[in-house]
Amino acid sequence: MDHAVVPPARLSAQDAVRARNGELTSQLRAAAMEGDELRLTRVLSELLRFKRLTAERKIALDALTQLIDSLRCVAMTDQLTGVYNRRGFLQIGTRLLDVARRELRSAYLVYFDLNNLKQVNDTAGHAAGDVLIRETGNFLRELFPSHGVYEVLGRLGGDEFAALTTDMHCPSRSEIVLRARMPRARSSDIRALSLSVGLAYFNPLLPIGINELLQAAEQAMYQHKRVTPNRIIRADPYPGLARCYPSKAVVRGEV
């Protein structure tokens with residue numbers, strides 16, 4: 001017995017609108033997180049059924065775009081320090097590396113671990129630990145004064161921070177550790193910073209992604225935790241390129 005093929009049920013007009021709105025919402029979320037204002041305006045116009053952009057509608061779209069951009073900044077910023085959170089660091093860092101690759105510019109990723117945060121939390125309380133975290137964020141801004149232009153700064157979570165820079169005058173690990181321990185413009189109740197630091201080199205001729213670069217810098221940071229304070233190790237994802245970049249691209253010790 002032959003069975004008649006039942007045609008698929010057609011969506012009602014309301015269901016079709018609902019499905020399309022779902023697609024547009026996903027596109028709006030992606031455009032907002034990428035900071036793509038043109039795409040954001042286009043998707044908003046379709047969501048709001050703006051077939052013609054009048055002056056009043058343009059004002060409304062501009063206000064919505066500014067609101068979404070503000071929410072995006074909140075979603076990508078660490079509230080305690082004001083630097084990027086992990087999501088923001090990875091997203092903006094990816095863009096910086098893309099520019100570095102196109103322009104054949106080298107870069108460094110510096111990975112910081114705040115050594116004594118748990119001890120401070122346990123002995124002096126989490127409020128004191130928050131002060132130490134904020135002080136670390138301030139230290140990163142002092143260390144990389146061109147952040148927002150040539151550097152991206154982020155708190156990756158807990159006691160871990162990172163900086164991505166295309167400035168070839170990036171301070172060495174020993175310099176960073178020394179400057180962290182030096183007294184600065186701080187009140188007497190703020191502790192000196194004890195940091196473990198790892199550096200990873202980005203070669204634009206053999207580019208790698210932000211996650212791989214971050215992993216290399218993190219491994220170098222853990223090496224720093226294991227070695228004596230007088231031996232400093234700088235990591236490079238491509239140690240075989242030492243002859244091309246003898247001063248920057250080699251794994252080396254510093255005293």
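This is a predicted model: local features need pLDDT of at least 70, side-chain atom pairs count only at pLDDT 80 or more; totals for chains, interfaces and linings use all residues.
Reader: Is D122 buried or exposed?
Author: D122 lies in helix 5, which spans residues 117-124. A residue counts as exposed when its relative accessible area is over 50%. The relative accessibility of D122 is 55%, so D122 is exposed.

Reader: Which side chain does D122 join in a polar contact?
Author: D122 is one of the exposed residues on the face of helix 5 turned away from its buried side, and K118 is carried on that face too. The side chains of these two residues are joined at 2.9 Å. The partner of D122 is K118.

Reader: Against which elements do the buried residues of helix 5 pack?
Author: The buried residues of this helix are L117, V120 and N121. They lie on the same side of helix 5, because they cover an arc of only 100 degrees around the axis. Their packing is against strand 1 (107-114) and helix 6 (126-143).

Reader: Which residue follows helix 5, and what is its phi?
Author: The residue that follows helix 5 is G125. Its phi is positive, near 100 degrees.

Definitions and conventions
Residues are numbered from 1 along each chain as its sequence is written. Side-chain values use heavy atoms; hydrogens and water are left out. Helices (H or I, at least four residues) and strands (E, at least two) are DSSP runs, numbered from the N terminus. Buried means under 20% relative accessible area, exposed over 50%, partly exposed in between (1.4 Å probe, protein chains only). A polar contact is a pair of N or O atoms within 3.5 Å; within protein, one must be able to donate a hydrogen and the other to accept it, and residues adjacent in sequence count only if both atoms are side-chain atoms. The arc is that of the directions from the helix axis to the C-beta atoms. Contact means heavy atoms within 4.5 Å.
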